Amino acid sequence: MSTPTEAAPDLAVPPVARHRSPAWFAWRRFLANKAAVAGGVVMLVLILAAILAPLFTKTDPAAQAFLTQSLAFPSAEFWFGVDDLGRDFFTRIVYGARVSLTIGFAAATFSVLIGIPLGALAGYFGGRTDWVIMRIIELFSVVPSLLAALLLGALTGGGFVTIIIISALFGWVNVCLLVRAQVKALREKEFIRAAQALGASPGYVIRRHLIPNAVSPIIVGFVLAIPLAMMLEASLSFLGIGVPPPTPSWGQMINTGMNFMFFYWHMAVFPTAALAITVLATTLFGDGLRDALDPTLKGR
(Lines give C-alpha, C1' and ligand atoms only; values in the text may rest on other atoms or scores of the structure.)
Protein backbone atom coordinates (compact mmCIF):
# COMPACT_ATOMS: atom_id res chain seq x y z
CA MET A 1 0.00 0.00 0.00
CA SER A 2 1.48 3.31 -1.10
CA THR A 3 2.00 6.07 1.41
CA PRO A 4 0.48 9.52 0.74
CA THR A 5 2.83 12.21 -0.42
CA GLU A 6 3.64 15.06 1.94
CA ALA A 7 2.39 17.80 -0.42
CA ALA A 8 0.54 17.54 -3.68
CA PRO A 9 2.37 19.25 -6.53
CA ASP A 10 0.76 22.24 -8.18
CA LEU A 11 -0.34 20.67 -11.44
CA ALA A 12 -2.10 23.82 -12.64
CA VAL A 13 1.14 25.70 -13.31
CA PRO A 14 3.87 24.06 -15.42
CA PRO A 15 7.22 23.82 -13.57
CA VAL A 16 8.99 25.95 -16.22
CA ALA A 17 6.34 28.72 -16.03
CA ARG A 18 6.90 29.14 -12.29
CA HIS A 19 10.33 30.62 -13.03
CA ARG A 20 9.30 32.95 -15.84
CA SER A 21 9.97 36.67 -15.56
CA PRO A 22 7.20 39.30 -15.46
CA ALA A 23 8.21 40.28 -19.01
CA TRP A 24 7.34 36.76 -20.17
CA PHE A 25 3.84 36.99 -18.71
CA ALA A 26 3.42 40.47 -20.23
CA TRP A 27 4.42 39.08 -23.63
CA ARG A 28 1.91 36.24 -23.27
CA ARG A 29 -0.86 38.69 -22.39
CA PHE A 30 0.06 40.87 -25.35
CA LEU A 31 -0.03 37.91 -27.77
CA ALA A 32 -3.46 36.97 -26.41
CA ASN A 33 -4.75 40.40 -27.50
CA LYS A 34 -5.36 39.81 -31.21
CA ALA A 35 -6.27 43.42 -31.94
CA ALA A 36 -3.00 44.65 -30.40
CA VAL A 37 -0.97 42.09 -32.36
CA ALA A 38 -2.71 43.13 -35.58
CA GLY A 39 -2.00 46.76 -34.77
CA GLY A 40 1.65 45.95 -34.15
CA VAL A 41 1.94 44.10 -37.46
CA VAL A 42 0.39 47.01 -39.36
CA MET A 43 2.73 49.45 -37.59
CA LEU A 44 5.74 47.31 -38.50
CA VAL A 45 4.66 47.17 -42.16
CA LEU A 46 4.16 50.94 -42.27
CA ILE A 47 7.54 51.62 -40.65
CA LEU A 48 9.33 49.28 -43.08
CA ALA A 49 7.45 50.83 -46.03
CA ALA A 50 8.46 54.33 -44.91
CA ILE A 51 12.11 53.35 -44.47
CA LEU A 52 12.36 51.34 -47.70
CA ALA A 53 10.18 53.64 -49.80
CA PRO A 54 12.81 54.33 -52.52
CA LEU A 55 13.14 50.59 -53.18
CA PHE A 56 9.58 49.98 -54.39
CA THR A 57 8.24 53.37 -55.54
CA LYS A 58 8.63 54.33 -59.16
CA THR A 59 9.42 58.07 -58.91
CA ASP A 60 10.36 60.85 -56.55
CA PRO A 61 7.28 61.98 -54.56
CA ALA A 62 7.57 65.52 -55.95
CA ALA A 63 8.29 64.51 -59.56
CA GLN A 64 5.55 65.53 -62.01
CA ALA A 65 6.39 62.60 -64.27
CA PHE A 66 2.86 61.78 -65.44
CA LEU A 67 1.35 65.14 -66.43
CA THR A 68 -0.35 63.64 -69.47
CA GLN A 69 -2.16 61.19 -67.16
CA SER A 70 -3.17 63.65 -64.44
CA LEU A 71 -6.09 62.51 -62.26
CA ALA A 72 -5.90 58.98 -63.68
CA PHE A 73 -7.85 56.48 -61.63
CA PRO A 74 -6.19 53.53 -59.83
CA SER A 75 -4.98 50.87 -62.24
CA ALA A 76 -2.36 48.16 -62.62
CA GLU A 77 0.16 50.83 -63.65
CA PHE A 78 -0.79 53.37 -60.97
CA TRP A 79 -2.01 51.51 -57.88
CA PHE A 80 -3.49 54.59 -56.22
CA GLY A 81 -3.92 56.68 -59.36
CA VAL A 82 -2.27 59.97 -60.31
CA ASP A 83 -2.87 63.31 -58.62
CA ASP A 84 -3.78 66.63 -60.25
CA LEU A 85 -0.12 67.58 -60.79
CA GLY A 86 0.89 64.34 -62.49
CA ARG A 87 2.54 62.68 -59.49
CA ASP A 88 2.19 59.00 -58.68
CA PHE A 89 -0.24 58.90 -55.78
CA PHE A 90 0.99 55.62 -54.30
CA THR A 91 4.50 57.09 -54.04
CA ARG A 92 3.17 60.16 -52.26
CA ILE A 93 1.11 58.06 -49.84
CA VAL A 94 4.17 55.99 -48.92
CA TYR A 95 6.38 59.04 -48.45
CA GLY A 96 3.55 60.66 -46.49
CA ALA A 97 3.85 57.74 -44.06
CA ARG A 98 7.52 58.65 -43.62
CA VAL A 99 6.56 62.24 -42.71
CA SER A 100 3.72 61.26 -40.34
CA LEU A 101 5.69 58.54 -38.55
CA THR A 102 8.78 60.72 -38.20
CA ILE A 103 6.73 63.49 -36.64
CA GLY A 104 4.87 61.00 -34.45
CA PHE A 105 7.99 59.30 -33.08
CA ALA A 106 9.94 62.56 -32.67
CA ALA A 107 7.06 64.27 -30.85
CA ALA A 108 6.53 61.20 -28.64
CA THR A 109 10.24 61.19 -27.74
CA PHE A 110 10.16 64.84 -26.67
CA SER A 111 6.88 64.22 -24.80
CA VAL A 112 8.58 61.47 -22.80
CA LEU A 113 11.63 63.63 -22.12
CA ILE A 114 9.38 66.35 -20.70
CA GLY A 115 6.86 64.12 -18.93
CA ILE A 116 9.26 61.76 -17.13
CA PRO A 117 11.10 64.30 -14.92
CA LEU A 118 7.98 66.34 -14.18
CA GLY A 119 5.94 63.24 -13.31
CA ALA A 120 8.75 61.83 -11.15
CA LEU A 121 9.15 65.12 -9.24
CA ALA A 122 5.40 65.45 -8.68
CA GLY A 123 5.03 61.84 -7.52
CA TYR A 124 8.10 61.77 -5.27
CA PHE A 125 7.93 65.12 -3.49
CA GLY A 126 4.16 65.70 -3.50
CA GLY A 127 3.02 68.80 -1.62
CA ARG A 128 3.75 72.13 -3.27
CA THR A 129 5.79 70.59 -6.10
CA ASP A 130 2.91 68.29 -7.00
CA TRP A 131 0.44 71.18 -6.75
CA VAL A 132 2.42 73.38 -9.15
CA ILE A 133 2.92 70.63 -11.73
CA MET A 134 -0.74 69.60 -11.56
CA ARG A 135 -1.80 73.21 -12.17
CA ILE A 136 0.44 73.30 -15.25
CA ILE A 137 -1.16 70.05 -16.43
CA GLU A 138 -4.63 71.53 -15.93
CA LEU A 139 -3.62 74.57 -17.97
CA PHE A 140 -2.55 72.39 -20.91
CA SER A 141 -5.61 70.17 -20.48
CA VAL A 142 -8.23 72.95 -20.69
CA VAL A 143 -6.66 74.64 -23.74
CA PRO A 144 -7.83 72.93 -26.97
CA SER A 145 -4.66 71.54 -28.51
CA LEU A 146 -5.77 72.15 -32.10
CA LEU A 147 -6.66 75.80 -31.49
CA ALA A 148 -3.39 76.42 -29.67
CA ALA A 149 -1.50 74.63 -32.44
CA LEU A 150 -3.26 76.78 -35.04
CA LEU A 151 -2.21 79.94 -33.21
CA LEU A 152 1.39 78.82 -32.73
CA GLY A 153 1.57 77.49 -36.28
CA ALA A 154 0.25 80.76 -37.71
CA LEU A 155 2.77 82.76 -35.65
CA THR A 156 5.75 80.60 -36.63
CA GLY A 157 4.69 79.76 -40.18
CA GLY A 158 4.34 76.05 -39.50
CA GLY A 159 6.91 73.58 -40.74
CA PHE A 160 8.31 70.21 -39.74
CA VAL A 161 10.15 71.26 -36.58
CA THR A 162 7.32 73.52 -35.43
CA ILE A 163 4.80 70.67 -35.59
CA ILE A 164 7.09 68.42 -33.54
CA ILE A 165 7.49 71.11 -30.87
CA ILE A 166 3.75 71.84 -30.75
CA SER A 167 2.90 68.13 -30.53
CA ALA A 168 5.41 67.60 -27.71
CA LEU A 169 4.00 70.57 -25.78
CA PHE A 170 0.60 68.92 -25.68
CA GLY A 171 1.71 65.28 -25.60
CA TRP A 172 3.75 65.29 -22.39
CA VAL A 173 0.69 65.59 -20.13
CA ASN A 174 -0.40 61.94 -20.39
CA VAL A 175 3.17 60.70 -19.89
CA CYS A 176 3.56 62.92 -16.84
CA LEU A 177 0.35 61.64 -15.26
CA LEU A 178 1.28 58.00 -15.86
CA VAL A 179 4.77 58.43 -14.35
CA ARG A 180 3.40 60.45 -11.42
CA ALA A 181 0.91 57.72 -10.52
CA GLN A 182 3.58 55.01 -10.73
CA VAL A 183 6.09 56.96 -8.63
CA LYS A 184 3.48 57.74 -5.97
CA ALA A 185 2.70 54.03 -5.73
CA LEU A 186 6.40 53.14 -5.38
CA ARG A 187 7.75 55.84 -3.08
CA GLU A 188 6.50 54.10 0.10
CA LYS A 189 7.94 50.71 -0.82
CA GLU A 190 10.57 49.10 1.39
CA PHE A 191 13.42 49.36 -1.12
CA ILE A 192 12.83 53.11 -1.49
CA ARG A 193 12.80 53.59 2.31
CA ALA A 194 15.98 51.51 2.57
CA ALA A 195 17.73 53.69 0.00
CA GLN A 196 16.62 56.83 1.84
CA ALA A 197 17.80 55.40 5.17
CA LEU A 198 21.24 54.75 3.65
CA GLY A 199 21.50 58.44 2.76
CA ALA A 200 20.57 58.35 -0.93
CA SER A 201 19.62 61.77 -2.29
CA PRO A 202 16.18 62.35 -3.88
CA GLY A 203 17.82 62.67 -7.29
CA TYR A 204 19.58 59.34 -6.88
CA VAL A 205 16.40 57.59 -5.70
CA ILE A 206 14.40 58.99 -8.60
CA ARG A 207 17.08 58.25 -11.20
CA ARG A 208 18.19 54.79 -10.04
CA HIS A 209 15.07 53.32 -8.42
CA LEU A 210 11.82 55.05 -9.31
CA ILE A 211 12.19 55.81 -13.02
CA PRO A 212 13.56 52.32 -13.91
CA ASN A 213 10.56 50.81 -12.11
CA ALA A 214 8.20 53.09 -14.05
CA VAL A 215 9.30 51.78 -17.45
CA SER A 216 5.89 50.26 -18.21
CA PRO A 217 3.87 53.52 -18.09
CA ILE A 218 6.70 55.31 -19.91
CA ILE A 219 6.51 52.84 -22.82
CA VAL A 220 2.72 53.10 -22.90
CA GLY A 221 2.84 56.90 -22.79
CA PHE A 222 5.37 56.96 -25.61
CA VAL A 223 3.30 54.72 -27.89
CA LEU A 224 0.01 56.53 -27.20
CA ALA A 225 1.64 59.91 -27.90
CA ILE A 226 2.44 58.87 -31.49
CA PRO A 227 -1.13 58.89 -32.93
CA LEU A 228 -1.90 62.18 -31.18
CA ALA A 229 1.07 63.82 -32.90
CA MET A 230 0.13 62.33 -36.27
CA MET A 231 -3.45 63.57 -35.97
CA LEU A 232 -2.24 67.04 -35.02
CA GLU A 233 0.16 67.12 -37.98
CA ALA A 234 -2.57 66.00 -40.37
CA SER A 235 -4.97 68.62 -39.00
CA LEU A 236 -2.44 71.44 -39.36
CA SER A 237 -1.41 70.31 -42.84
CA PHE A 238 -5.08 70.06 -43.83
CA LEU A 239 -5.55 73.68 -42.74
CA GLY A 240 -2.47 74.80 -44.67
CA ILE A 241 -0.03 75.57 -41.84
CA GLY A 242 1.63 72.20 -41.46
CA VAL A 243 4.31 70.57 -43.59
CA PRO A 244 4.80 72.84 -46.64
CA PRO A 245 4.47 71.42 -50.16
CA PRO A 246 5.82 69.71 -52.17
CA THR A 247 6.73 67.47 -49.19
CA PRO A 248 3.96 64.84 -49.11
CA SER A 249 1.68 64.95 -46.09
CA TRP A 250 -1.54 63.02 -45.64
CA GLY A 251 -3.37 66.05 -44.23
CA GLN A 252 -2.22 68.16 -47.14
CA MET A 253 -3.34 65.48 -49.62
CA ILE A 254 -6.75 65.19 -47.95
CA ASN A 255 -7.17 68.96 -48.27
CA THR A 256 -6.36 68.83 -51.98
CA GLY A 257 -8.51 65.76 -52.53
CA MET A 258 -11.57 67.49 -51.09
CA ASN A 259 -11.64 69.66 -54.21
CA PHE A 260 -11.89 66.59 -56.46
CA MET A 261 -13.85 64.24 -54.21
CA PHE A 262 -17.05 64.06 -56.27
CA PHE A 263 -15.27 63.25 -59.54
CA TYR A 264 -11.90 61.73 -58.59
CA TRP A 265 -12.60 59.84 -55.38
CA HIS A 266 -9.07 58.42 -55.03
CA MET A 267 -7.63 61.87 -54.29
CA ALA A 268 -9.35 61.99 -50.89
CA VAL A 269 -10.03 58.35 -50.05
CA PHE A 270 -6.48 56.95 -50.06
CA PRO A 271 -4.79 59.54 -47.80
CA THR A 272 -7.79 59.47 -45.44
CA ALA A 273 -7.66 55.66 -45.27
CA ALA A 274 -3.88 55.72 -44.72
CA LEU A 275 -4.20 58.15 -41.81
CA ALA A 276 -7.14 56.28 -40.26
CA ILE A 277 -5.43 52.88 -40.51
CA THR A 278 -2.17 54.19 -39.06
CA VAL A 279 -3.82 55.95 -36.13
CA LEU A 280 -6.07 52.95 -35.42
CA ALA A 281 -3.16 50.49 -35.56
CA THR A 282 -1.00 52.63 -33.27
CA THR A 283 -3.84 53.11 -30.79
CA LEU A 284 -4.64 49.38 -30.68
CA PHE A 285 -0.95 48.57 -30.20
CA GLY A 286 -0.67 51.12 -27.38
CA ASP A 287 -3.81 49.85 -25.66
CA GLY A 288 -2.51 46.29 -25.88
CA LEU A 289 0.81 47.32 -24.36
CA ARG A 290 -0.98 49.11 -21.53
CA ASP A 291 -3.03 46.02 -20.70
CA ALA A 292 -0.03 43.68 -20.99
CA LEU A 293 2.22 45.82 -18.80
CA ASP A 294 -0.41 46.51 -16.13
CA PRO A 295 1.32 45.43 -12.91
CA THR A 296 -1.98 44.31 -11.37
CA LEU A 297 -2.13 41.54 -13.98
CA LYS A 298 1.37 40.14 -13.54
CA GLY A 299 1.56 36.40 -13.24
CA ARG A 300 -2.03 35.75 -14.25
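This is a predicted model: local features need pLDDT of at least 70, side-chain atom pairs count only at pLDDT 80 or more; totals for chains, interfaces and linings use all residues.
**Exercise 1. Which residues are buried in helix 2, and where on the helix do they lie?**

*Solution.* Residues are numbered from 1 along each chain as its sequence is written, and side-chain values use heavy atoms, with hydrogens and water left out.

Step 1: find the helix. Helices are DSSP runs (H or I, at least four residues), numbered from the N terminus, and helix 2 covers residues 34-51.

Step 2: sort by accessibility. Buried means under 20% relative accessible area, exposed over 50%, and partly exposed in between, with a 1.4 Å probe and protein chains only. By that rule Ala36, Gly39, Gly40, Met43, Leu46 and Ala50 are buried.

Step 3: look down the axis. The buried residues of helix 2 fall within an arc of 130°, so they line one face; the arc is that of the directions from the helix axis to the C-beta atoms. An α-helix has 3.6 residues a turn, so residues three or four places apart point the same way. Lys34 and Val45, on the other side of helix 2, are exposed.

Step 4: find the cover. Contact means heavy atoms within 4.5 Å. The cover over the buried residues of helix 2 includes helix 1 (22-32), helix 3 (53-56), helix 4 (89-125) and helix 12 (266-292).

**Exercise 2. Check what span helix 2 should have.**

*Solution.* Step 1: the expected span is 1.5 Å times one less than the number of residues. Step 2: for the 18 residues of helix 2 this gives 26 Å, and the end C-alpha atoms are 26 Å apart, which agrees.

**Exercise 3. Describe the buried side of helix 1.**

*Solution.* Step 1: Phe25, Ala26, Arg29 and Phe30 are buried in helix 1. Step 2: they cover an arc of only 140° around the axis, which puts them on the same side of helix 1. Step 3: helix 2 and helix 12 are among the elements that cover them.

**Exercise 4. Classify how helix 11 packs on helix 12.**

*Solution.* Step 1: axes are lines fitted to C-alpha atoms, for helices over the stretch in contact, and angles run from 0 to 180 degrees between N-to-C directions. The axes of helix 11 (residues 250-258) and helix 12 come within 7 Å and cross at roughly 150°.

Step 1: this makes the two helices roughly antiparallel, given that angles under 35 degrees count as roughly parallel, over 145 as roughly antiparallel, 65 to 115 as roughly perpendicular and the rest as oblique.

Step 2: the contact is made by residues including Trp250, Met253 and Ile254 of helix 11 and Met267, Ala268 and Pro271 of helix 12.

**Exercise 5. Do likewise for helix 4 and helix 9.**

*Solution.* Step 1: helix 4 and helix 9 (residues 202-210) pack at about 115°, with axes 11 Å apart. Step 2: they are therefore roughly perpendicular. Step 3: Ala120, Leu121, Tyr124 and Phe125 of helix 4 meet Pro202, Val205, Ile206 and Leu210 of helix 9.

**Exercise 6. Is serine 100 buried or exposed, and what does it touch?**

*Solution.* Step 1: serine 100 sits in helix 4. Step 2: with a relative accessible area of 1%, serine 100 is buried. Step 3: not counting residues up to four places away in sequence, serine 100 touches Met230, Glu233 and Trp250.
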